[in-house]
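Here are my notebook entries on this structure. I jotted down what I looked up, step by step.

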Amino acid sequence: RARLMIDMAERARQLGLGDHLGDTFWLNTLIGVNFGFDWIVPVSKLFLNATLQVSTARPVLTKPSLHIQVTYGTSMFVDPINASAFSNINEPTEVNWGLSSTEGPIAFQAQPVVAFPMQWRVPSADAKAETAGFRIPSPKEVTFNVESVGANNSYQLVELTPAPFANGVEDFRDKQKFSLPTTIGIGHLAAATSSVGSKPVNPSMFSQILFNATGGDQNKFEDFLSTTFSDGNTLPPHPYREYFDGTRSMGVSNMAACTKLSDDETCPYPHTRFVDGGFSDDMATAQTIADLQQRYVGQPLRVILTDQGKLTKNETLDQEALHDLAVSFFDGKGPAPGEFAVDPIRGFTRPSPATFSLPVAKLEDLDFKNSSLPDVTRPGFSCRTECTKSLPRKLFWTKLSTQTVYNPSFGVQAGTPVELLIFFVEADENLVFSRFLTSGHKCAACLAGELSMSPDIKEQVEEFLQR
């Protein structure tokens, strides 16, 4: 499996298919070598009690609710018995598809919709009889039945065709329903919301990513799919295509958490898998706002948004750095809020999570103030030396008065006045996992310490809450 990931990473580099594809392959290789291609294993190590079950409202939450964004993968490989073992990687796989309320496959403009938003919500203590659980956007106009799936063994790679499936088949061998878990361990939930390495698990998602990475170049796309791979031992030479058309499994299915909470490595039909919450909504904002609108009908909202990422070489905020924040705003251009379209960064089809109107041309045009975060020292460990490339780390913030826009895919209603306080901190996205085996947990503690000691954060939040 590791050799396959490395081989694909090198081929993607040769064809110029973008650094993010190579990063995905290398991340899978890193987790595979150290943790057996099981995303839950390293994530669970971040918690003192990863098996602690979350099922009811926590007393500490008096007014707010806790919203944890996940993404439901509508087209995922399902491991046959023991197929997650590399020795059985030649076994055929099935493909699950999320179905609409009429039990048809979900597609938009002849492209399968591979990512649907969902949240695990822990209600506040004032929510009366409500308990924690998975929530899909409601009310919404997208007629998606999250607990109904179909399996089709004749799945074919989606290319430039007028039909949702390359062979035009929309019939399923089997249709079944299942129930989402009502309780979930903290480790499993954390893995579900953060499984950024899960792209290869979803054949349709990965096909879309690859095609869009080529800039729509069908010949280059075909070059990648036609590349031959062999491990030089048990696997005879075969093209990459077989990993995208359901013939073979890459053996990395557990890089995505299963909707069935089990200790074994299989994710049996009709269950599918959760992929990274950022794949449906980078900021977990749209569905959260929709929930607040239902709880506080007709009332204005105050919201604090926080984000982190890398800065440009001149250490300023630009469009790339603010991408995750920018998708929460609608500037009147591009996909309408809730419309299914190709995400320009990740390259697969998803509903736009735009939630707020943007009063300026670009988000970076807002008046961002900035300061340096204070230094934090730990016994025997230098935060600045071990964890940051820029000394000192920068903090940016701005305030904005706006209103919500109508987003039918996430259940957001238009016209609610919203006061926003936005923070952006300079931090590498892989702060924890980039040094997981050495000092990752210490680096996370360093960042938390720097943020907690920032006088600007304290001042801005206190002033914002008093408005």
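The model is predicted, with local features needing pLDDT of at least 70 and side-chain atom pairs pLDDT 80 or more, while totals for chains, interfaces and linings use all residues. Residues are numbered from 1 along each chain as its sequence is written, and side-chain values use heavy atoms, without hydrogens and water.

I then followed the strands (DSSP runs of E, at least two residues, numbered from the N terminus, as are helices, H or I, at least four). Strand 2 (residues 66-73) and strand 7 (residues 115-122) run antiparallel, joined by eight bridges. Two strands pair if DSSP finds at least two bridges between them. The open sheet has five strands in the order 8-7-2-15-14, with antiparallel pairing. Strand 8 (133-135) and strand 14 (257-258) are at the edges with a single partner strand each, so one side of each has no neighbour in the sheet.

Next I looked up aromatic pairs (ring centres within 6.5 Å; planes under 30 degrees apart are stacked, over 60 edge-to-face, the rest tilted; rings of Phe, Tyr and Trp, the last by its six-membered ring). The structure holds eight of these pairs. In one of them, Phe-134 and Phe-274 are stacked, at 4.9 Å centre to centre and 25 degrees between the planes. Phe-134 belongs to strand 8 and Phe-274 to strand 15, so this pair ties together parts 140 residues apart in sequence.
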